[in-house]
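Please walk me through this structure, one feature at a time.

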Amino acid sequence: MVSVINTVDTSHEDMIHDAQMDYYGTRLATCSSDRSVKIFDVRNGGQILIADLRGHEGPVWQVAWAHPMYGNILASCSYDRKVIIWREENGTWEKSHEHAGHDSSVNSVCWAPHDYGLILACGSSDGAISLLTYTGEGQWEVKKINNAHTIGCNAVSWAPAVVPGSLIDHPSGQKPNYIKRFASGGCDNLIKLWKEEEDGQWKEEQKLEAHSDWVRDVAWAPSIGLPTSTIAGCSQDGRVFIWTCDDASSNTWSPKLLHKFNDVVWHVSWSITANILAVSGGDNKVTLWKESVDGQWVCISDVNKGQGSVSASVTEGQQNEQ
Amino acid sequence: MEELDGEPTVTLIPGVNSKKNQMYFDWGPGEMLVCETSFNKKEKSEMVPSCPFIYIIRKDVDVYSQILRKLFNESHGIFLGLQRIDEELTGKSRKSQLVRVSKNYRSVIRACMEEMHQVAIAAKDPANGRQFSSQVSILSAMELIWNLCEILFIEVAPAGPLLLHLLDWVRLHVCEVDSLSADVLGSENPSKHDSFWNLPGNTQTLTELELKWQHWHEECERYLQDSTFATSPHLESLLKIMLGDEAALLEQKELLSNWYHFLVTRLLYSNPTVKPIDLHYYAQSSLDLFLGGESSPEPLDNILLAAFEFDIHQVIKECSIALSNWWFVAHLTDLLDHCKLLQSHNLYFGSNMREFLLLEYASGLFAHPSLWQLGVDYFDYCPELGRVSLELHIERIPLNTEQKALKVLRICEQRQMTEQVRSICKILAMKAVRNNRLGSALSWSIRAKDAAFATLVSDRFLRDYCERGCFSDLDLIDNLGPAMMLSDRLTFLGKYREFHRMYGEKRFADAASLLLSLMTSRIAPRSFWMTLLTDALPLLEQKQVIFSAEQTYELMRCLEDLTSRRPVHGESDTEQLQDDDIETTKVEMLRLSLARNLARAIIREGSLEGS
């Protein structure tokens, strides 16, 4: 049974494009076409506006919270080609850094797993992906991958941190050697996987081809301790594919069609414990999917908009064992 | 083989606008966010009135109920006890233990029901009262189902006593609800039979009983056929009832509150020694006869029917659908699993049924600010995905107080979840730094074994010292112990403080050597050398010679090193000039002191010992 526990009136004056809960579910960040980013304290069913951040000169498309071990940090990206990093210092939120390295709208921002440090990936309509790494004392190092996707990049999503071998303590402060990877989706109908080489440069590792139109969103599933990697991608062509790679080293990805929807699919996201995929489509519905043991993806719920105050129960669909 | 459950349920989010706008969705750590949006990213959105509301949605809202909390807390204890029951136990002793566990669970449900009932009566607002009352009926249904499962699956009552158990069951539940009417039919006749059965210390075998009953039954039939009671229609119908005639029984329908009451009554009169495997024949037909095609079975009816048919999986499935939280199915399934009743059947979603339900239930507990602690134990007993689920959930617990943080850390440490420990300590260290609690930040970074952060905090300490001339959190720094080795900067901080201590204790020679070694071993950051050299001044100016000639040479070397390679930063010209002035004066003073000390040291070392 699901219930609406809180309705937050954001007072945004225009369309809301993104809403993200922070790590603990205590704060909500929202952004809108009205060019503002707002932060609310939503504990105990309440809503207190903590910050109304202005700085973008166009609709703000996405916001992303960094891991709390780095402090209270929020990134936002906008049509105005800029990425802004906001930070809470002494109780007030301020602009901490501005990245203006793109020639066109920045569509997506995603923080890397905290194990890698404080790194932000940004995908833009100019086809490039930039990676901002915090190096200390307010400085950010920028690496840019030009022409990552022709026409434009719509989404970026990091792979969860996987430590090769066993994790040994490094008292002198050396970090274990993580292999950093992320996925991007673009207007060239492709999903690309990127890997950081030893020299610090980013290289295209894989191309995942299955869509016949622009890829709108990619989401790399959180790790649940199994060696498989899973990526969900959705496209203008109405299809959602689930890509799996059974082994970190084998590098062969196989797609499985989740579903063909009747309209553009805009957004896919994984639940925190990785077992449910939410798909938001142009058909004004959100569907929730789960994988059954025989590898089939089953729709377990339809979340729809509507009038009236009905809350129905969410059931687990079960599938014929054939 | 399970069949496809039809279309997935549609959940409507109230208040979200109609066909016009699309729906945005995202996951929070424990909840879901929904709002209206337009995915088509254009610079100017059309003049469609946009909705500024964001809906935060949760499953598992029951965790917030005050009264149910007692249910969760107490059943948690029973659950743990069950897990620890010796696996070696078999046969009768094991069964009796399992039955006891089942009864414990039931008594917890009843206690909860009682309390909620009281609240319902006392409720000032009738709507509230109604809500509590409906909760009471749900709990009552839960206990009804559980009790039946206990009789059929756990107790596994053999043929004879089965009916007695069912009679008790009906009497307990039905007579509660419909006290007066049920009493009339329920108690009247069984009293005759009670003496017949002669309960405790029953020395008759089942066959003997059955024979006796047959004999008595035939006698009744003869009376009916002989029309012995033809004069009294009441007595005749009573006779028919006692013969188990369904039509006669149904005539008294209003006295039977439901079909299972009808079922048990019917069995009592027509087949009291019914075997468990034959139950389902009677069950289905009783349901059909009782409803008589006028109404359709409700969810509760289906669940009970499934139980009578010994279809455990169906019972669990139906309960999962009908109930609003996972408490019931999780605990019942776990118990049945301990009775070895669940085969490795249909492994859905990567783990067996028991584990799947326990994981869902435990995840729900994590939504609550204090019930999450119960969830930890449930995860512990899920061998496949319990650990990784716990890892994912425990990191998301808001650490609002130090106490809570310590509690969470202890849980992680007990389970060797080193990654989580590290991550949580880092978060706390960062928080402490932002609140200027450097000592706290340092101890958290040490616990996190985070060298980089330790360096950062140490730098802050040193900076503070430079500005204020004293250290904060001396206790902590003095007692670093081996943790000092975590980072070079931290080691320096510890050693530097040691230097000050030695100086305070007038152990000048030791202090001097330490000071020198800090520079020569390169542990001291270059930026601090000037401060260190300045710290050496009082030692150089002492009456006695402290630094040996060798050491003085070293110090001079360090000074020259420092002055020859002075970095030029982007300071303004005037600032630099001023700094230069101060710097030059300092350097000159040092040079003078060092030279004087060198002279004295050479003299002392050159002459005989003693001065």
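A residue counts as buried under 20% relative accessible area, as exposed over 50%, and as partly exposed in between. The model discussed here is predicted. With those cut-offs, A:Leu226 is partly exposed, because its relative accessible area is 48%. A:Leu226 sits in the loop that links strand S18 (215-220) to strand S19 (229-235) of chain A. Its C-alpha lies 9.4 Å from that of A:Asp247, and 21 residues separate A:Leu226 from A:Asp247 in sequence.

Stay in chain A for another loop. A:Ile151 lies between strand S13 (139-145) and strand S14 (153-158) of chain A. Most residues other than glycine have a negative phi. A:Ile151 is not a glycine, yet its phi is positive, about 75°. A:Ile151 is exposed, because its relative accessible area is 60%.

B:Lys449 is a residue other than glycine, and its phi is near 55°. The loop that holds B:Lys449 runs between helix H19 (438-447) and helix H20 (451-468) of chain B. B:Lys449 has 46% relative accessibility, so it counts as partly exposed.

Next come the cysteines. A disulfide is a covalent bond between the sulfur atoms of two cysteines.

Now turn to helix packing in chain B. Two packed helices are described by the angle between their axes and the distance between the axes. Begin with helix H10 (residues 279-291) of chain B and H11(B), whose axes come within 8 Å and cross at roughly 160°. Angles over 145 degrees count as roughly antiparallel, and H10(B) and H11(B) therefore run roughly antiparallel to each other. H10(B) brings B:Leu279, B:His280, B:Ala283, B:Gln284 and B:Leu287 to the contact, while H11(B) brings B:Asp301, B:Leu305 and B:Phe308. By class, this contact has five nonpolar, two polar and one charged residues.

H11(B) (residues 299-308) also packs on helix H12 (residues 312-322) of chain B. Here the angle is about 165°, and the axes are 8 Å apart. H11(B) and H12(B) are therefore roughly antiparallel as well. Their crossing is left-handed. From H11(B), the contact includes B:Pro299, B:Asn302 and B:Ile303. From H12(B), it includes B:Gln314, B:Val315 and B:Glu318. Seven nonpolar, two polar and one charged residues make up the contact of H11(B) with H12(B).

The last pair is helix H14 (residues 353-365) and helix H15 (residues 372-380) of chain B. Their axes come within 7 Å and cross at roughly 160°. H14(B) and H15(B) are therefore roughly antiparallel to each other. This crossing is left-handed. Among the contact residues are B:Leu358, B:Leu359 and B:Tyr361 of H14(B), and B:Trp372, B:Leu374 and B:Gly375 of H15(B). The contact of H14(B) with H15(B) holds nine nonpolar residues, two polar and no charged.

Key. Residues numbered from 1 in each chain as written. Chains lettered and ligands numbered in written order. Predicted model: local features only at pLDDT ≥ 70, side-chain atom pairs only at ≥ 80, totals over all residues. Heavy atoms only, no water. Axes fitted to C-alpha atoms, helices over the stretch in contact; angles between N-to-C directions. Helix = DSSP H or I, 4+ residues; strand = E, 2+ residues; numbered from the N terminus. Parallel < 35°, antiparallel > 145°, perpendicular 65-115°, else oblique. Left-handed = near helix turned anticlockwise from the far one by under 90°. Contact = heavy atoms within 4.5 Å. Nonpolar A, V, L, I, M, F, W, Y, C, P; charged D, E, K, R; others polar. Buried < 20%, exposed > 50% of the residue type's maximum accessible area, 1.4 Å probe, protein only.
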